[in-house]
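Open your viewer and get ready to select residues by number.

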Amino acid sequence: MPNEDELLRLGDEAQALLSADVFDKTVNDLVNQAFQAFCNSKPEDQDARERAFHHYRALVDIVQTLQQRVTVKDEIVAKLKTKANNKQEDS
C-alpha cells in the first residue's frame, strides 16, 4: 500500500491530468465514439453494443480512479493542516 507521500504525489499527478484540456477532450471524444458505436449498431449486433458499453465503462473507471486519487490527496492535505493547526494551538 502506498504511503502518504506516494498518495500525495499520485493525487497531484491525477489532478494535473484531469485539468489538462487535451485529456478532457480525448476522454469526451472517446465517450462520444462509444455512444455513436452503441447507437449505430444493428439491433441484432449485441456484441457491438456490449463492446461499446465496456469501452464507455472503462473510460468512466479511469476518470473515477483519477478523481478518487485527488480526493484522497485532498483529505491527506486537510488532515495535515489540522495537525499543524493543533500543534500551533498547543504551543
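Start with Lys73. Leaving aside its neighbours within four places in sequence, Lys73 is in contact with Leu7, Leu8, Gly11, Asp12 and Gln15. This is a predicted model, so treat it as such. Now colour helix H3, where Lys73 lies. Is Lys73 buried or exposed? Its relative accessibility is 9%, under the 20% cut-off, so Lys73 counts as buried. Next, show the side chains of Lys73 and Gln15. A polar contact of 2.7 Å joins them.

Second stop: select residues 21–39, which form helix H2, and residues 46–90, which form helix H3. Look at how the two pack. The angle is about 155°, and the axes are 8 Å apart. Angles over 145 degrees count as roughly antiparallel, so H2 and H3 are roughly antiparallel to each other. The crossing of H2 past H3 is left-handed.

Which residues make the contact? On H2, select Phe23, Val27, Leu30, Val31, Ala34, Ala37 and Phe38. On H3, select Arg49, Ala52, His55, Tyr56, Leu59, Ile62, Val63 and Leu66. Colour them by class: 13 are nonpolar, 1 is polar and 1 is charged.

Last stop: Ser41. Find it in the loop between H2 and H3. Its relative accessibility is 15%, so Ser41 counts as buried. What does Ser41 contact, leaving aside its neighbours within four places in sequence? The answer is Ala48 and Arg49. Show the side chains of Ser41 and Arg49: a polar contact of 3.5 Å joins them. Arg49 also belongs to the contact between H2 and H3.

Notes. Residues numbered from 1 in each chain as written. Predicted model: local features only at pLDDT ≥ 70, side-chain atom pairs only at ≥ 80, totals over all residues. Heavy atoms only, no water. Axes fitted to C-alpha atoms, helices over the stretch in contact; angles between N-to-C directions. Helix = DSSP H or I, 4+ residues; strand = E, 2+ residues; numbered from the N terminus. Parallel < 35°, antiparallel > 145°, perpendicular 65-115°, else oblique. Left-handed = near helix turned anticlockwise from the far one by under 90°. Contact = heavy atoms within 4.5 Å. Nonpolar A, V, L, I, M, F, W, Y, C, P; charged D, E, K, R; others polar. Buried < 20%, exposed > 50% of the residue type's maximum accessible area, 1.4 Å probe, protein only. Polar contact = N/O pair within 3.5 Å; in protein donor to acceptor, adjacent residues only side chain to side chain.
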